[in-house]
Amino acid sequence: MAAVSGKIVQNIFVAQCCHQNRQFGAQYQRDRCAPNLRSLLPFQGRKLAWTGISSMHLRNLSKYQSGFVNQGNVYCNAAPSSTSLPSLEKVDFLKLQNGSDIRGVAVAGVEGEPVTLTEPVTEAIAAAFGAWLLEKKKADGSRRLRVSIGHDSRISAQKLQEAVSLGIASAGLEVVQYGLASTPAMFNSTLTEGEQFLCPADGSIMITASHLPYNRNGFKFFTNAGGLGKADIKDILERAASIYSNFAVEGLVNSERKASVSIKRVDYMALYTSYLVEAVRKAAGNIERPLEGLHIVVDAGNGAGGFFAEKVLEPLGAITTGSQFLEPDGLFPNHIPNPEDKEAMKAITQAVLANQADLGIIFDTDVDRSAAVDSTGRELNRNRLIALMSAIVLEEHPGTTIVTDSVTSDGLTTFIEKKLGGKHRRFKRGYKNVIDEAIRLNSVGEESHLAIETSGHGALKENHWLDDGAYLMVKLLNKLASARASGIGGGSKVLTDLVEGLQEPAVAVELRLKIDKSHEDLKGGSFREYGEAVLKLLENLTDSDPKLQKAPVNYEGVRASGFGGWFLLRLSLHDPVLPLNIEAPSHDDAVKLGLAVLAVVKEFPALDSSALDKFVQSS
């Protein structure tokens with residue numbers, strides 16, 4: 001990465017003398033401890049004020065603290081409490097697992113959604129990750145392991161960052177806070193070499209819940225080997241449950257305990273963005289401003305991606321007027337930060353057309369997913385984005401295998417294999433599944449350089465198999481920059497020309513068929529067993545129906561072609577839901593495919609078929 005000038009590291013020492021005042025109930029307030037870590041990275045209204053600290057260089061730190069700062073030391077002014085310790089709330093830690101992530105409710109106020117990701121729970125999870133990391137890294141005591149911590153714009157980010165920091169410190173590891181950051185940057189911090197940036201981190205934690213509602217939050221964990229897998233997350237949650245149960249038993253909250261926590265803060269995003277800028281310049285033959293004159297608008301959805309306009313596009317010469325929702329706001333007042341969401345894509349499309357821009361770029365909350373819109377308002381997401389990225393990658397690596405999730409279209413397969421000369425491997429849903437499969441293929445001698453989901457998660461071999469929405473967009477910018485350097489104009493037409501010939505269905509729908517877990521038809525079994533029974537019957541029907549042809553290679557659910565289109569019924573990775581995808585050349589053909597599935601679904605009374613009923617009855 002290119003060198004970044006300015007002060008990027010700040011040491012903060014927090015003497016915790018008020019642990020006895022922790023309220024281990026749902027609130028877990030530290031209101032007797034002021035100022036706390038939260039005041040070091042203040043909110044302005046509902047917005048995180050990270051960008052207000054002198055371009056993240058953190059000078060004049062004292063003005064953000066209210067009288068309790070003494071030469072960089074922050075002390076708690078609470079007196080010892082004689083109040084007895086409230087009992088810990090019972091927590092089923094394993095229910096917080098969401099595949100390779102941890103997710104929970106962090107903010108109260110939504111009916112029917114009690115807070116599950118409290119600060120004590122968070123601290124226990126962070127301490128468990130610290131213990132897991134010490135074991136995996138086989139630390140010998142010669143140096144302290146280091147963990148970087150970042151977060152997106154959610155309103156619960158500050159309190160969870162505080163709890164994570166305490167948990168990591170309690171495990172004996174060094175804490176480095178990045179503040180507002182992207183998920184890809186957090187993984188990158190485990191690869192960067194440079195002690196001046198306190199890198200590489202031995203482990204990294206991103207506090208995020210992607211595009212989920214404002215009251216949710218969660219954690220993603222990384223080492224230099226990549227994101228942790230499902231088995232690792234389960235291990236950490238089991239450790240966390242044990243740590244949590246010992247909080248009260250061991251008297252963690254002790255009025256005499258003084259744990260001095262040293263927290264360092266680094267402006268890592270400045271380093272990360274410089275890397276993105278240099279990648280585009282290199283693609284254009286080391287031209288300083290290769291996007292000069294191009295008008296590109298960014299929609300960050302009030303997540304963590306607002307940096308892309310000012311810190312990446314503008315240094316490259318692009319005009320970014322008309323960019324929207326760049327300010328972090330964890331209530332997401334404008335639209336869900338999600339490149340799959342229709343309202344979000346409508347918002348960026350309108351911005352492109354209103355500003356007569358050459359290109360629009362949109363990110364999800366933590367910037368590990370992205371999509372684009374061309375100058376005519378044509379969306380470049382889902383199958384189109386995969387086709388575009390496949391065209392770019394196959395130019396660089398002819399014949400390589402493109403790994404995607406299970407819901408990609410038949411037209412995409414034809415495009416990759418017949419037009420581009422590549423191989424298409426349609427695998428399971430879930431970005432980690434897709435990435436792991438691409439890595440596995442390389443390990444057995446089948447070259448793969450791109451793993452990408454219709455959701456907008458895309459990872460490249462050249463980028464350490466990191467699903468990075470910003471880097472995905474950099475690959476598009478590279479094409480624009482190199483075209484301009486070669487004297488080729490036309491703006492985003494350079495990109496849309498690459499997907500010419502992609503066959504797209506007239507009808508594409510996804511319906512979600514929910515399983516009622518309390519229905520008597522489950523007969524005490526799990527929703528997963530029930531869903532598998534549905535799929536088995538559908539597979540038998542497909543085998544016996546001459547109008548349907550089962551996919552010869554399929555890794556998830558039941559996929560079949562017929563009536564000029566196809567359907568896929570699969571079991572959700574985490575929820576009691578059977579998602580049904582249908583693509584067809586006409587609505588009538590799509591209905592015929594839907595009726596074939598409905599014939600099976602009606603045999604299972606615990607399955608809510610109302611969405612499918614409505615679809616097949618529509619004209």
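Predicted model: local features only at pLDDT ≥ 70, side-chain atom pairs only at ≥ 80, totals over all residues.
Trainee: How do E14 and E15 pair, parallel or antiparallel?
Mentor: Parallel, over four bridges. E14 covers residues 296-299 and E15 residues 359-363. Strands are DSSP runs of E with at least two residues, helices are runs of H or I with at least four, and both are numbered from the N terminus. Two strands pair if DSSP finds at least two bridges between them.

Trainee: What stands opposite Ile296 in E15?
Mentor: Leu359.

Trainee: And which way do the E14 residues point?
Mentor: Ile296 and Val298 point one way, Val297 and Asp299 the other. All are buried. Buried means under 20% relative accessible area, exposed over 50%, partly exposed in between, with a 1.4 Å probe and protein chains only.

Trainee: Switching to helices. How do H13 and H14 cross?
Mentor: Their axes come within 9 Å and cross at roughly 130°. H13 is residues 527-544, H14 residues 587-601. Axes are lines fitted to C-alpha atoms, for helices over the stretch in contact, and angles run from 0 to 180 degrees between N-to-C directions.

Trainee: What do you call that orientation?
Mentor: H13 and H14 are therefore oblique to each other. Under 35 degrees is roughly parallel, over 145 roughly antiparallel, 65 to 115 roughly perpendicular, and the rest oblique.

Trainee: Which residues make the contact?
Mentor: From H13, Val534, Leu537, Leu538 and Leu541. From H14, Ala596, Val597, Ala599 and Val600. Contact means heavy atoms within 4.5 Å.

Trainee: How many bridges between E23 and E27?
Mentor: Eight, in the antiparallel sense. E27 is residues 577-584. Glu510 stands opposite Asn581 in E27.

Trainee: How many helices and strands in the chain?
Mentor: 15 helices and 27 strands. Of the 619 residues, 57% are buried.

Definitions and conventions
Residues numbered from 1 in each chain as written. Heavy atoms only, no water.
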